[in-house]
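Please keep the 3D view open and follow the points in turn.

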Amino acid sequence: MPHPVIAKDNVAVVTGGASGIGLAAAMAFARAGMKVCIVDVDEARLQEAATKLSSVAAAANVMTSAVDVSRAESVKELERAVGAHFGGTDLLMNNAGIQPGSTLFGEIDNWQRIIGVNMWGIINGSRIFAPNMIARGKAGLIINTGSKQGIPPRPAIPPTTSPRPA
Ligand SMILES: NC(=O)c1ccc[n+]([C@@H]2O[C@H](COP(=O)([O-])OP(=O)(O)OC[C@H]3O[C@@H](n4cnc5c(N)ncnc54)[C@H](O)[C@@H]3O)[C@@H](O)[C@H]2O)c1
């Protein structure tokens with residue numbers, strides 16, 4: 001049985017929604033009758049994804065937004081835009097993520113980019129969307145896409161892993 005927030009006319013925002021897991025989730029939400037906003041940095045892929053979504057949802061129920069989730073000001077603007085367009089957000093899926101495959105000895109810029117997207121992206125989305133989701137006075141849902149690689153570290157990709165908890 002689907003989660004009760006995944007319901008007709010509720011609003012879903014999916015970051016990293018132009019491809020892969022994000023697009024698959026957005027398609028599933030649209031098939032359930034939700035209004036869907038897909039968010040991505042890749043504008044070309046975002047438009048292709050919107051076309052795919054329109055095959056299972058009315059065009060009026062599909063919104064796209066070219067936003068970098070590592071930038072708090074852009075995420076604030078996204079939250080405002082979804083509110084203006086759809087009236088608010090019921091479900092936020094913090095899914096945008098990168099894995100550039102750097103090594104432990106990689107450039108500091110690479111570490112900063114990974115932490116910016118994979119960590120701050122989730123913090124930005126959650127703290128910026130949650131207050132108005134709560135203010136709606138109805139059930140809401142925040143989903144963070146994770147990876148089992150955050151538990152058993154692999155030497156090739158230390159920036160995306162963490163030590164196994166004691
Ligand atoms: N595919 C896997 O095997 C796997 C395993 C574990 C975890 N994950 C995680 O699942 C999530 C989705 O993975 P996927 O395999 O679908 O990857 P994907 O590369 O197909 O999709 C990720 C999307 O995020 C977008 N993106 C990247 N940086 C962004 C930013 N700063 N702001 C907004 N959008 C941005 C990309 O353009 C891309 O469309 C990621 O967080 C990934 O780390 C994937």
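Predicted model: local features only at pLDDT ≥ 70, side-chain atom pairs only at ≥ 80, totals over all residues.

1. In α2, four residues are buried: L46, A49, A50 and L53. Viewed down the axis of α2, these buried residues fall within an arc of 105°, so they line one face of the helix.

2. Now turn to the other face of α2. The side turned away from the buried one carries A44, E48 and T51, which are exposed. And what covers the buried residues of α2? The cover includes the helix α1 together with the strands β2 and β3.

3. The N-terminal end of α2 is worth a look too. D42 caps that end, with a side-chain oxygen 3.4 Å from the backbone nitrogen of A44. A44 is also one of the exposed residues on the outward face of α2.

4. Next comes the sheet. In what order do its five strands lie? The order is β3-β2-β1-β4-β5, in an open sheet with parallel pairing. β3 (62–66) and β5 (141–144) stand at the edges and have a single partner strand each, so one side of each lacks a neighbour in the sheet. From one strand to the next, the twist averages 15°. α2 packs on this sheet, where it touches β2 and β3, and its direction makes about 170° with that of β3.

5. Two of the strand pairs can be followed in detail. As a reminder, strands of a sheet pair through backbone hydrogen bonds, either parallel or antiparallel. β1 and β4 run parallel and are joined by three bridges; here V13 stands opposite L92 of β4. On to the next pair: β4 and β5 are parallel as well, with four bridges between them, and N94 stands opposite N144 in β5.

6. Please look at β4 side-on. In a regular strand the side chains alternate between the two faces of the sheet. From β4, L91 and M93 point one way while L92 and N94 point the other way, and all of them are buried.

7. The largest nonpolar core has 22 residues, and F29, V36, I38, L53 and L91 are the ones that touch the most other members. Two or more residues come from each of β1 (11–15), α1 (20–31), β2 (35–40), α2 (43–53) and β4 (91–94). Which element gives the most? That is α1, with six residues.

8. Setting aside neighbours within four places in sequence, V36 is in contact with A12, A26, F29, A30, L53, N61, V62, M63 and F86. There is also a second, separate core of 14 residues, which includes V11, L78, V82 and F86.

9. Finally, visit S70, in the loop between β3 and α3 (72–86). Is S70 buried or partly exposed? With a relative accessible area of 28%, S70 is partly exposed. The side chain of S70 makes a polar contact with the side chain of D68, at 2.7 Å. Not counting residues up to four places away in sequence, S70 touches G116, V117 and N124. S70 and N118 are 48 residues apart along the chain, and their C-alpha atoms are separated by 8.1 Å.

Technical notes: Residues numbered from 1 in each chain as written. Heavy atoms only, no water. Core = buried A, V, L, I, M, F, W, Y, C linked by side-chain atoms within 4.5 Å. Buried < 20%, exposed > 50% of the residue type's maximum accessible area, 1.4 Å probe, protein only. Contact = heavy atoms within 4.5 Å. Pairing = 2+ DSSP bridges. Axes fitted to C-alpha atoms, helices over the stretch in contact; angles between N-to-C directions. Arc of directions from axis to C-beta. Polar contact = N/O pair within 3.5 Å; in protein donor to acceptor, adjacent residues only side chain to side chain.
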